[in-house]
Amino acid sequence: MKYLCLIYNAEQNMNSLSKADMDAMMAEYFAFTEGIRKSGHYVAGEALDQIKTATTVRVRNGKVSTTDGPFAETKEQLGGFYLIEARDLNDAIQIAAKIPSARFGSIEVRPIMDFSKVQA
Amino acid sequence: MSEDATDRVRGRLDAIYRTESRRVLATLIRLLGDFDLAEEALHDAFVAALEQWPRDGVPGSPRAWLVSAGRFKAIDAMRRRARFDASKTEIAERLESTPPPAPDHDMDDVEDDRLRLIFTCCHPALPPDAQVAMTLREVCGLRTEEIAHAFLTSPSAVAQRIVRAKSKIRDAGIPYQVPARAELADRLDSVLHVVYLVFNEGYSASSGTTLTRADVSAEAIRLGRLLVELLAEPEALGLLALMLLHESRRAARTSATGELILLEDQDRARWDCELIAEGVALVERALASRRIGPYSLQAAIAAVHAEAATAAATNWAQIIGLYGVLLRADPSAVVELNRAVAVAMHNGPAPGLELIDAILARGELLGYHLAHAARADLLRRLGRVPEAREAYARAITLARQEPERRFLERRLREIEGQ
């Protein structure tokens with residue numbers, strides 16, 4: 001099954017990291033990504049730019065409305081994701097727990113809907 | 001075949017349903033990969049048995065017969081539905097190509113299936129109330145109405161929890177497996193909690209005309225033993241000890257006419273020595289680990305009671321001390337109430353009453369019949385009859401079990417006569 005691991009953390013805490021801490025963190029992320037590539041779990045993964053770059057778009061009554069900022073103001077923001085292929089939820093939880101941000105942020109694990117199994 | 005013989009087979013089948021249906025279900029879920037499909041197959045297998053066994057006789061291994069009948073019925077049902085829905089063909093073909101279990105697959109596999117079932121029902125990705133509902137429904141076979149009664153909610157709410165849990169199991173890919181060694185300790189906590197709730201449902205059924213349902217408790221104890229075998233964690237030992245020590249008093253807890261008998265009035269000769277010995281040994285193992293949790297502490301308290309030759313000989317000071325430790329480890333108003341009752345036994349009714357009144361004054365346990373019953377008893381012992389009468393009346397209104405209500409009514413009549 002495919003799962004999307006959504007990485008949430010408090011962006012302001014990330015911004016306040018020292019250069020050395022940030023480098024250590026990046027090194028951890030590279031090692032983690034390398035690990036799940038080797039184990040065959042990796043499908044895709046990206047880090048997102050800061051929330052100040054976010055734009056939210058809605059169409060209402062045919063009219064496009066564009067606003068600055070993320071969809072919802074929350075304590076933790078979506079900062080990146082991994083799309084993984086896992087045997088089952090337990091396997092996905094094991095992978096999610098190894099994402100470096102899991103230690104201070106939160107990882108939301110969501111199965112990707114399989115439309116071939118959706119019943120008519 | 002005579003009417004008589006048919007009745008005999010029906011009787012056997014009823015007994016087999018009670019002892020085997022959950023094991024058969026656990027195996028069918030593994031074989032069919034789906035809870036609803038397995039439940040339907042279980043039902044169909046018993047219907048088939050009801051038709052065939054009176055004619056052909058009861059098979060040598062009823063469980064294996066039922067598993068295999070259930071599996072074939074499920075494949076049949078899928079084939080029938082495939083006529084209307086092409087996606088079912090694939091499922092039926094997958095099921096058929098999976099080798100059927102050996103007819104005499106040994107106990108180990110079956111017990112593994114039951115553990116798979118309980119770890120799946122208690123998966124932390126399910127909401128806590130759904131874990132309990134799923135375990136009682138799937139592992140213990142309680143009806144939705146019974147679960148609703150036990151947890152003071154409506155059958156439709158329980159049914160909805162179960163439906164949602166099953167769809168999460170299916171859609172989020174919660175596997176039907178015992179967790180890997182590294183995850184086992186974490187996952188065990190939620191399982192122990194659920195097992196204890198199940199035990200209590202059988203030991204002190206929340207309502208109805210009988211006080212206990214031995215079969216439900218026996219189920220919880222069996223699960224407790226399995227968990228201890230699998231992983232001798234101190235709290236698993238503690239929980240099993242606690243259940244065994246409670247269970248040891250079952251025969252002495254009610255009179256021949258089903259009346260409730262308090263711990264202090266029980267005939268201790270009727271306590272089950274074997275269960276006590278086993279329970280005490282487990283408590284000692286749990287305490288020796290030095291990783292002492294709430295279940296081990298409650299078991300230690302039960303062991304102090306079990307080892308007292310008479311109610312008067314009970315080491316109340318030790319019990320008060322253990323409740324104190326338990327309150328720090330796992331604070332709750334119910335534990336506080338139990339400690340207050342122990343204080344009343346050790347230091348007299350007045351200091352005990354003071355502690356109970358303090359709990360009620362905080363607005364806690366106001367709807368808990370045992371808090372009012374304990375208070376009534378202490379007021380009675382202090383000769384404060386009108387207040388005692390009022391507290392008994394309150395407890396009677398709140399009591400949900402017939403024997404408890406009768407006991408309280410008897411007490412109320414006794415003080416009326418004074």
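**Group meeting: a helix pair, a core and a sheet**

Hi everyone, let's start in chain B, where the axes of helix H2 (residues 35–56) and helix H3 (residues 62–82) come within 8 Å and cross at roughly 115°. Please keep in mind that this is a predicted model. The crossing of H2(B) past H3(B) is right-handed. On the H2(B) side the contact includes Leu37(B), Ala41(B), Leu42(B) and Ala45(B), and on the H3(B) side Leu66(B), Gly70(B), Arg71(B) and Ala74(B) are among the residues involved. By type, the residues of this contact are 10 nonpolar, 1 polar and 4 charged.

Now, what does Leu28(B) touch? Leaving aside residues up to four places away in sequence, Leu28(B) touches Ala38(B), Ala41(B), Leu42(B), Val67(B), Gly70(B) and Arg71(B). The largest nonpolar core has 122 residues, and Leu28(B), Ala241(B) and Ala299(B) are the ones that touch the most other members.

Where do the chains meet? Here 8 residues of chain B are in contact with 6 residues of chain A. The chain B side of that meeting has 5 nonpolar, 2 polar and 1 charged.

Over to chain A, which has an open sheet of 4 strands, paired antiparallel in the order E2-E5-E1-E6. Strands E2 (42–47) and E6 (106–111) are at the edges with a single partner strand each, so one side of each has no neighbour in the sheet. On average, neighbouring strands are turned by 20° against each other, direction ignored.

E2(A) pairs with E5 (residues 77–85) of chain A over 5 bridges, and Glu46(A) has Phe81(A) in E5(A) as its bridge partner. Finally, helix H3 (residues 89–98) of chain A packs on this sheet, touching E1 (2–9), E5 and E6.

Key
Residues numbered from 1 in each chain as written. Chains lettered and ligands numbered in written order. Predicted model: local features only at pLDDT ≥ 70, side-chain atom pairs only at ≥ 80, totals over all residues. Axes fitted to C-alpha atoms, helices over the stretch in contact; angles between N-to-C directions. Helix = DSSP H or I, 4+ residues; strand = E, 2+ residues; numbered from the N terminus. Left-handed = near helix turned anticlockwise from the far one by under 90°. Contact = placed C-beta atoms within 7 Å. Nonpolar A, V, L, I, M, F, W, Y, C, P; charged D, E, K, R; others polar. Core = buried A, V, L, I, M, F, W, Y, C linked by C-beta atoms within 7 Å. Buried ≥ 20, exposed ≤ 12 C-beta atoms within 10 Å, placed from the backbone. Pairing = 2+ DSSP bridges.
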